[in-house]
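Please keep the view open as you read the points.

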Amino acid sequence: MPEVEESGGAPSRGEGPAVAPRDPGLPTAADVDRAAALLGPVVPPTPLQRADRLSELTGLEVWLKREDLTPVRSYKARGAYTVLAGLSEEERARGVTCASAGNHAQGVAFACARAGVSATIFLPRTTPRQKRDRVAALGGDQVEVVIAGDQYDDAAVAAADFAAASGATVIPAFDHPGIIAGQGTVAAEILAQSAALGWSPDALVLPVGGAGLIAGCLTVLGERLPGVRVLAAEPAGATSLAAALAAGAPVELDHVDPFVDGAAVRRVGDLTYRAVAAATSTIDVTLAAVPEGLICVEMLDLYQVDGIIAEPAGALAPAALRLPGVLEQGGPLAGLAPGSRVVVVVSGGNNDVSRYADIVERALVHEGLKHYFLVEFPQEPGALRRFLDDVLGPDDDITLFEYTKRNNRETGPALVGIEMHSRDDLPGLLARLDESRLRVEKISPDSPLFGFVFS
Ligand SMILES: Cc1ncc(COP(=O)(O)O)c(C=O)c1O
């Protein structure tokens, strides 16, 4: 765990628990309370609801903090409005700017409309239409949306240039004391709402991207509920907080899987990292890397069983409860007794409907219900018919069949996708493929072949 700088005032071992010296640059629980007072009329408290399905699945008492039900369908307006509230009159008059691929932009747009501050918001071209439209609608007359470049980084450069030229204040997505304090109001609400129900949480599960939300929540919990367990859920393809804690400072990941947009962050913030590292002296924080396929499985259950629309980052924390052996020894919540009260933050619900086909696909692959093979069909009549008759089981369906040599479409290797009824059908299929004497290679959906076939 990270080291905290020495100070003369901390009691030594044996005199009581070591108290880490406070980092004066970090927000406090009192800052979060001030943010909560400001936010009260703007972002009403979101519901804390018992989650029957996840409770049954885990044997825990699972409660969902429904940040998908804010006016911007994520917690992002909390931090943005808190930063605006801290601006001077002069800064307000010069306006603000930000770059975002989605939720932060919506938070800033909504906050600016409510605070009467103008904003110029830069979005990369890859931002889904649903998010672009929402930013424009939430911001109304106060907000100008500018599409800048292909990637988030291009939009960030454009926003920085705009700020330098216009004097607008940049509102960062996570690395700012006001953002941390604003996002921390999620934890303050959880404590108040659970107290009103007559209990306090044994554990919280929080999603992590640049670590703004977790930094704010740990700020509150460290002072108000130091014994609580916290599970920090990162997408397996973007474990930037784990990398930072291992290195003792934020580090840049070489590769990031962008699927969990919002939480797929290459490097956590400097301030957010310091806040998390400081909190680990009083709070037991465990990290979990949640596979993207498992997030998709959970998104579909949230949608189809619970009637909750979550985006991938929104389903990240609930999906962490489905990690194999989550409560067992060595698991991320090991030692938590059955029936313990666990609050899980559903952080956002802005899912573009066009993503569901990909989400279903990833969920099926993750559950072992869909498999891909490269099959070399011999150049003789009836080869495909024999494959269908002899290799496919009664409940197997071909969902993809594509010859990989484009100039020679009827022969040569084909990419074949097979969906099965039960994952137990796979060994039989593999055995029949073996017996078929066809040259077959099982391939992963991450294979570059997919790009080749679909490009
Ligand atoms: C829905 C959602 N969840 C989680 C995150 C990760 O947040 P943070 O950067 O505060 O860790 C984001 C960030 O945009 C988000 O939009």
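1. Let us begin with Arg-73, which is buried because 23 other C-beta atoms lie within 10 Å. (A residue is buried if 20 or more other C-beta atoms lie within 10 Å of its own, exposed if 12 or fewer, and partly exposed in between; C-beta atoms are placed from the backbone.) Arg-73 sits in the loop between β2 (61-66) and α3 (76-85), and its phi is near 55°, a positive value in a residue other than glycine. Helices (H or I, at least four residues) and strands (E, at least two) are DSSP runs, numbered from the N terminus.

2. A word on the source: this is a predicted model, where local features need pLDDT of at least 70, side-chain atom pairs count only at pLDDT 80 or more, and totals for chains, interfaces and linings use all residues. Residues are numbered from 1 along each chain as its sequence is written.

3. Now turn to Arg-437, in the loop between α16 (426-435) and β14 (439-443). Arg-437 also has a positive phi, about 65°, although it is not a glycine. Is Arg-437 buried or exposed? Arg-437 is exposed, because it has 9 other C-beta atoms within 10 Å.

4. The domain assignment gives domain 1 (29-73 + 177-358), domain 2 (77-170) and domain 3 (368-454); such bounds come from an automatic or database domain assignment. Between the C-alpha centres of domain 1 and domain 3 there are 40 Å.

5. The largest nonpolar core has 120 residues, and Val-108, Val-205, Leu-206, Ala-233 and Leu-316 have the most contacts inside it. (A nonpolar core is a set of buried Ala, Val, Leu, Ile, Met, Phe, Trp, Tyr and Cys residues joined through C-beta atoms within 7 Å.) Helix α8 (residues 177-196) gives the most to this core, eight residues. At least three residues come from each of domain 1 and domain 2. Apart from this core lies another, of seven residues, among them Tyr-372 and Phe-373.

6. Which residues are closest to the ligand? Of the 21 residues that surround the ligand, the closest are Gly-209, Gly-212, Gly-262, Ser-347 and Gly-348; a residue counts as near a molecule if its C-beta atom, placed from the backbone, lies within 6 Å of it. Helix α9 gives the largest share of this shell, three residues. The shell divides into eight nonpolar, 11 polar and two charged residues. (Ala, Val, Leu, Ile, Met, Phe, Trp, Tyr, Cys and Pro count as nonpolar, Asp, Glu, Lys and Arg as charged, and the others, Gly among them, as polar.)
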